[in-house]
Amino acid sequence: MDLVEYTLPPPPDQRVPDPAAFAGIAIEGVSKAFGPKQVLDGTDLLIHKGETLVVIGRSGEGKSVLLKHIVRLLELDEGRIWIEGEEITGLRTRRLMELRKKFGFLFQGAALFDSMTICQNVGLMLSEHSGLSEDQVRARACECLAMVGLENVEDKLPSALSGGMKKRAGLARAIVMEPEYILYDEPTTGLDPITSDAINDLIIKLQKELGVTSIVVTHDMPSAFKIADRMAMLSRGKIQFTGTVEEVRTTDHAMVRQFIEGNARGPLGAF
Amino acid sequence: MPILVTNLGGLVLLALMHTGRGALLLRAIVVQLPHAWRMRHLIYEQMHVVAIGSMPLVLTTSVFVGAVTAVQAVYQMQAYVPMKFLGVMISKSVFIELGPVLTALVVGSRLCANYAAELGTMKVTEQLDAMNIMAIEPVRYLAMPRFVAAVLMIPTITILANGIAIFGGYLASVLTLDVTSSTFIEGLRLFYDPLDVIGGLIKSFIFGGIISLSGIFFGFNTEGGAEGVGRATMTAVVGSCLSILVADYLLAIVLFQIVFGR
Ligand SMILES: Nc1ncnc2c1ncn2[C@@H]1O[C@H](COP(=O)(O)OP(=O)(O)OP(=O)(O)O)[C@@H](O)[C@H]1O
Ligand SMILES: [Mg+2]
């Protein structure tokens with residue numbers, strides 16, 4: 001047990017006076033519990049339009065849960081979330097579906113449809129929501145697969161792919177509709193360093209060329225430093241720190257230091 | 001004793017709760033029915049799932065059901081009832097009861113397990129979430145085609161099963177029971193009432209709905225990994241079978257006593 005007392009600054013103020021007028025995503029006081037376990041506990045977070053925000057935090061702190069709340073895959077217990085000034089809690093299904101079309105979501109476990117081929121997986125959204133012909137859908141799907149470095153896997157089933165390949169196919173599926181927002185849940189975990197870096201470049205390219213707003217959850221610190229405009233650390237159900245890459249590198253916030261140095265001693269504890 | 005009562009009470013409560021939520025699912029599916037034509041390829045795919053592999057099951061079950069009915073009928077009729085009534089007994093019990101109910105139980109369980117396990121796996125591996133986020137409603141894309149396929153295919157298979165069962169009864173009677181072919185066929189024509197067949201098919205149509213709803217409902221509500229999928233599948237099949245038996249009783253009253261009754 002650590003006997004050292006750490007003094008931690010209070011969580012940063014992450015609220016805007018009028019979230020309904022905020023361009024981007026505003027998360028205010030979101031709480032979520034699963035049974036007795038309080039995962040999110042009054043989380044505040046702002047994501048500005050066009051930025052890449054990297055969310056770091058230890059395993060099991062609720063990063064994936066936070067991402068899912070943004071697109072309402074989970075219903076929050078308390079708090080409010082605005083997307084471009086529109087509050088998503090209590091939104092009607094039809095409108096919610098419209099809003100979701102602006103989003104790409106890379107699941108931590110890829111979540112490919114295992115009864116469909118890779119090409120059908122990637123192209124599904126196009127064939128459902130755009131008037132493109134079958135050939136056009138296929139061409140676009142292959143284009144996206146090439147962007148993540150996958151070739152000649154179009155007609156394979158997901159079960160025939162390695163973990164890292166599934167992850168990349170999931171990424172191709174997330175970007176196929178050229179969404180305005182992309183939520184990445186650990187895009188580079190399970191990838192070799194070279195592929196990881198190519199994925200980093202892709203994330204940066206999407207932001208620069210298409211103006212995509214991204215939230216990236218990752219444990220991969222080199223990748224985080226490379227792609228982030230801003231970083232936020234989630235711990236104990238709250239965002240404990242936000243800052244630019246420079247601020248993260250130089251901060252003396254004990255939690256952030258412990259995390260980026262990968263130290264078993266510190267306010268976060270080891271287990 | 002009190003434990004039994006509370007358990008029973010809990011069970012009834014649970015059943016009612018599920019029925020309520022099942023009704024909501026049914027409504028959600030019905031709302032999506034206008035899309036059925038546009039999504040016919042998915043429906044065909046699911047109809048294929050029902051048909052393929054069900055045939056050996058249907059064939060075996062039906063032949064033996066028909067044959068057993070014949071043997072039992074002959075045993076009960078013995079010397080009291082003329083053998084020309086054999087065909088009537090077999091056809092009436094097959095058309096009204098055995099064909100629809102056994103098809104629903106046997107083919108239906110297989111189908112229900114298929115639906116629950118596949119959708120349950122999709123749920124626990126976040127594939128349903130992925131679909132939702134792609135603005136594709138799982139009820140429209142997954143549930144509706146399965147529901148339509150079951151509602152169309154279960155009666156179709158029942159018709160087939162009816163035919164095979166009658167044939168099985170015929171074979172058993174003629175080959176082993178000393179009933180002549182002409183006596184058997186005369187019996188079939190005697191008291192033939194198309195309402196029997198229609199009533200049986202209405203039943204199996206509703207059974208198709210019950211089977212698919214149970215599989216889809218428990219599949220969509222699966223929690224917790226492989227174990228959860230196993231549990232969901234089991235619950236779905238048990239729920240489907242029990243509901244079929246209860247519904248069979250209610251439908252017997254509604255159809256054959258009230259609607260078709262004099
Ligand atoms: N559907 C669920 N039911 C019950 N508990 C859940 C559910 N989803 C998440 N949790 C719990 O919420 C907590 C946070 O989970 P989450 O997946 O968000 O962690 P994470 O920060 O993404 O971790 P990792 O980095 O390992 O992916 C965990 O303790 C987990 O047990
Ligand atoms: Mg996670």
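This is a predicted model: local features need pLDDT of at least 70, side-chain atom pairs count only at pLDDT 80 or more; totals for chains, interfaces and linings use all residues.
**View 1. The shell of residues around ligand 1.** Around ligand 1 there are 14 residues, of which Lys37(A), Ser59(A), Gly60(A), Ser64(A) and Gln108(A) come nearest. Sorted by class, this shell is made up of three nonpolar, six polar and five charged residues. With three residues, α1(A) gives the most to the shell around ligand 1.

**View 2. The salt bridge between Glu180(A) and Lys49(A).** The side chains of Glu180(A) and Lys49(A) meet in a salt bridge, with a distance of 3.0 Å from N to O. This pair links distant parts of the chain, 131 residues apart, since Glu180(A) sits in the loop between α5 (163–175) and β7 (181–185) of chain A, while Lys49(A) sits in the loop between β2 and β3 (52–56) of chain A. Glu180(A) has a relative accessibility of 33% and therefore counts as partly exposed, and Lys49(A), at 40%, likewise counts as partly exposed. Both residues belong to a network of salt bridges that links Lys49(A), Glu84(A), Lys102(A) and Glu180(A). Over all chains, the structure holds 25 salt bridges.

**View 3. The salt bridge between Lys226(A) and Asp201(A).** A salt bridge of 2.9 Å, N to O, joins the side chains of Lys226(A) and Asp201(A). Because Lys226(A) lies in helix α7 (residues 221–227) of chain A and Asp201(A) in helix α6 (residues 193–210) of chain A, the pair ties together parts that are 25 residues apart in sequence. Lys226(A) is partly exposed, at 35% relative accessibility, and Asp201(A) is also partly exposed, at 37%.

**View 4. A salt bridge within one helix of chain B.** In chain B, the side chains of Arg231(B) and Glu227(B) meet in a salt bridge with an N to O distance of 3.4 Å. Both residues lie in helix α9 (residues 225–259) of chain B, where they are four residues apart, or about one turn of the helix. Glu227(B) has a relative accessible area of 62% and so is classed as exposed, whereas Arg231(B), with 43%, is classed as partly exposed.

**View 5. A nonpolar surface patch on chain B.** Leu195(B), Ile198(B), Ile202(B), Phe205(B) and Ile206(B) together make a nonpolar surface patch of about 380 Å². Leu195(B), one of these residues, is found in helix α8 (residues 194–220) of chain B.

Technical notes. Residues are numbered from 1 along each chain as its sequence is written. Chains are lettered from A and ligands numbered from 1 in the order in which they are written. Side-chain values use heavy atoms; hydrogens and water are left out. A residue is near a molecule or strand if one of its heavy atoms lies within 4 Å of it. Helices (H or I, at least four residues) and strands (E, at least two) are DSSP runs, numbered from the N terminus. Ala, Val, Leu, Ile, Met, Phe, Trp, Tyr, Cys and Pro count as nonpolar, Asp, Glu, Lys and Arg as charged, and the others, Gly among them, as polar. Patches are made of residues with over 30% relative accessible area and no salt bridge: like charges are joined within 9 Å, nonpolar side chains (Val, Leu, Ile, Met, Phe, Trp, Tyr) within 5 Å. Accessible areas come from the Shrake-Rupley method with a 1.4 Å probe; for residues, only the protein chains shown count as cover. A salt bridge is a side-chain nitrogen of Lys or Arg within 4 Å of a carboxyl oxygen of Asp or Glu. Buried means under 20% relative accessible area, exposed over 50%, partly exposed in between (1.4 Å probe, protein chains only).
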